[in-house]
Amino acid sequence: MPPRSSIILGISFGHGDSSAALVVDGHLVAAAEEERFTRIKHYALFPTEAAKYCLQHAGLKPSDVTILAIPKQQWKHAGRRLSTYWRHPQLFSTAGKRRESAPKFANWLKEMGLGRARMFSCEHHLAHLATARCLNPEEPMALLSLDGMGDFTSATMAVADEQKTQILERIFFPHSLGYFYTGMTQYLGFPHYGDEFKVMGLSSYGTPRYLPVLRELIRENDGFGFELNLEAFPILRNPIQFRIEKGQPYIDPFYSTGFLTQCLGIGPRNPKRQPIEQVHRDLAKSIQCRFEEVADHLLHALYAKTGMKSLGLSGGCAHNSVWVGKIPKRTPFQNIYVAPACHDAGLAAGAAILAARSIVSVEGGHWGLLGPTIEEMGQPAEAKKKKHFSDEASLVRWAAERLSQGEIIGLAHGRLEFGPRALGSRSILADPRYPGMRDRLNERVKHRETFRPFAASVQAEYQNDWFFNSFHSPHMEAVFEVKPAVRDQIPAVVHADNTCRIQSVEKETQSFYWNLIEAFRQLTGIPMLINTSFNDSEPIVASEKDAMACFLKSDLDHLIIDQTVYSKAELNEVATTKDLDASQSVTA
Ligand SMILES: [Fe+2]
């Protein structure tokens, strides 16, 4: 009788970005965020559809699951937690809310048919670290998980060799670099969960004139540590209120208006009444600079302790790609591995990897492409006028020609991304040579703030010709400086500070996408495309129906669904616009 398979379902829920991941006999075969199915951004309740997809993808039933892996250990650091709560009893109110969810979880397990699986739990930050460690398990590396808060901890440093991962130090509640960034993001008038990306984009337009003040709001300690100013962020007196409404997470503002207004000389921005002005750009730049100073301090402490040149990064703060791209210049770390889903969606995969207790490989070779195909999603769209390409080479040539003529394509091809970045599976693609392309995409496709930058997908073998000090960035994890000699060739992806966030595309793991960029390179000499997520103020599209709805309501010219093409002009839904002027200059 063959040995029983090890089937581990990891699930993450109760904070932003619920998710599920499946490890079968040491292979991570599927992972997905629940928001892509529910169409509710950062969906925070149980990952019902994501878990169903993972099992269906592997041809398994819920009763086949041998281990249910959960990245949460509420009793961890119980002594420290209780003594903090004892001194600040108002914190018990937030702990009580978490306990209330326990019976509902038992019901969910029963409804899902998962009640018989053995439970495995691990600490929040260990799960984060596992998602970076697995990217190169043969290489000894230093590890850093940097976050808002999880299991009473905001940061964890560790060291890993081929045998084990050893925790070295932690930073505990209430001190958190993630809280600092989130609190200041709220102060700048960006109230939604996940708005930190907006501050990072805005920071490129400012000067860091508030940096001396911000150094008083979070101060480094000797070694691996820092302290949050609890007058500026009085979270012991007034606990952070985290709410989930209709599946969506909310964090109420937790800064002290009086204290910050006095320190900074400007009050919190009201987004309904106040436009973004230069003071806000300068504050964004100061926030970003202070974040980088403190994060670099932690990295120097990590290097001092480990002496290693390789670094694995995870935790929500590791999605700060502006900081990540500077690490090799500013610290001794030279080989950087950043998890595809550093935020809490990655925890499901991390927990499942830890439960496997062995090296885990990934199906398809790309850690960020583990979601459902268009076919697995079902939900076909209803549109009659379409063109089918029987071979991939013709499709790629056709798409490259359309792009080179300034047309915009929505691409839904292959497995859905796991993580916040579109990586060429559910992407909007455009030509980076047109200066007006960024404004067209922001205003008429994405309907978002005009200051938001666009990233580039670059053939990995050419990236060093275009960017300074770049390293392999398959999950679009880092921002690099564009070399001066080539900046005017790709104006639509050069940000205000001459940088660009990039995705390194390799033929081995993304052959269709690499071939598409190669066809574009042969036409234009440019080995990259603008790549922005295929959505319009909603979660990234998952199904054909989602993609078609987004295509019809926005100013996209063409939609590619696997090897079928829909064109706006032929569908006669919205007039195609081709008013790009190559002589336009980049505007801030
Ligand atoms: Fe986390």
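A: **Domain 2 against domain 3**

Taken over C-alpha atoms, the centres of domain 2 and domain 3 are separated by 30 Å. The model is predicted, so local features are described only at pLDDT of at least 70 and side-chain atom pairs only at pLDDT 80 or more, while totals for chains, interfaces and linings draw on all residues. Residue numbers run from 1 along each chain as its sequence is written. The domain assignment places 136–243 + 251–338 in domain 2 and 374–571 in domain 3, with 7–127 + 346–365 forming domain 1; such bounds come from an automatic or database domain assignment.

To the contact, domain 2 contributes 14 residues and domain 3 contributes 17 residues, where two residues are in contact if their C-beta atoms, placed from the backbone, lie within 7 Å. On the side of domain 2 that touches domain 3, at least two residues come from each of α8 (196–202), α12 (321–324), α13 (327–330) and β14 (335–338); helices (H or I, at least four residues) and strands (E, at least two) are DSSP runs, numbered from the N terminus. That side of domain 2 holds seven nonpolar, five polar and two charged residues, with Ala, Val, Leu, Ile, Met, Phe, Trp, Tyr, Cys and Pro counted as nonpolar, Asp, Glu, Lys and Arg as charged, and the others, Gly among them, as polar.

Within the bounds of domain 3, strand β17 (residues 409–412) is covered on both faces, with Ile-409 and Leu-411 buried on one side and Gly-410 and Ala-412 buried on the other. Here a residue is buried if 20 or more other C-beta atoms, placed from the backbone, lie within 10 Å of its own, exposed if 12 or fewer, and partly exposed in between. In a regular strand the side chains alternate between the two faces of the sheet. β17 is joined by four bridges to the antiparallel strand β18 (residues 426–430), in which Ser-427 stands opposite Leu-411. With strand β23 (residues 558–561), β17 pairs in the parallel sense, again over four bridges, and Ala-412 has Ile-561 as its bridge partner there; two strands pair if DSSP finds at least two bridges between them.

Gln-459, in strand β19 (residues 455–459), counts as buried because it has 21 C-beta neighbours inside 10 Å. Setting aside neighbours within four places in sequence, Gln-459 is in contact with Val-505, Trp-514, Ile-517, Glu-518, Arg-521 and Pro-527. Lys-553, by contrast, is 94 residues away from Gln-459 in sequence and 31 Å away in space, C-alpha to C-alpha.

Turning to the bounds of domain 1, Thr-84 of helix α3 (residues 78–87) is partly exposed, with 16 other C-beta atoms within 10 Å. Apart from residues up to four places away in sequence, Thr-84 touches Leu-91 and Phe-173, and the C-alpha atoms of Thr-84 and Phe-173 are 8.8 Å apart although 89 residues separate the two in sequence.

An open sheet of six strands runs in the order β5-β4-β1-β2-β3-β15 with mixed pairing, and its edge strands, β5 (118–121) and β15 (361–362), each pair on one side only. Inside this sheet, strand β2 (residues 19–24) pairs with strand β3 (residues 27–33) in the antiparallel sense over six bridges, and Ser-19 stands opposite Glu-33.

Helix α2 (residues 48–57) is largely enclosed by the rest of the structure, because seven of its ten residues are buried; Cys-54 and Glu-49 are among them. Just after α2, Gly-59 takes a positive phi of about 70 degrees.

Cys-54 also belongs to the largest nonpolar core, of 177 residues, where Leu-9, Cys-54, Leu-177 and Ala-352 touch the most other members; such a core is a set of buried Ala, Val, Leu, Ile, Met, Phe, Trp, Tyr and Cys residues joined through C-beta atoms within 7 Å. Helix α11 (residues 278–306) gives the most to this core, with ten residues. The contacts of Ala-352, not counting residues up to four places away in sequence, include Leu-9, Ala-21 and Val-23.

Over the whole chain there are 21 helices and 24 strands, and 52% of the 588 residues count as buried. Of the contacts with a separation of 6 or more, 74% join residues 24 or more positions apart.
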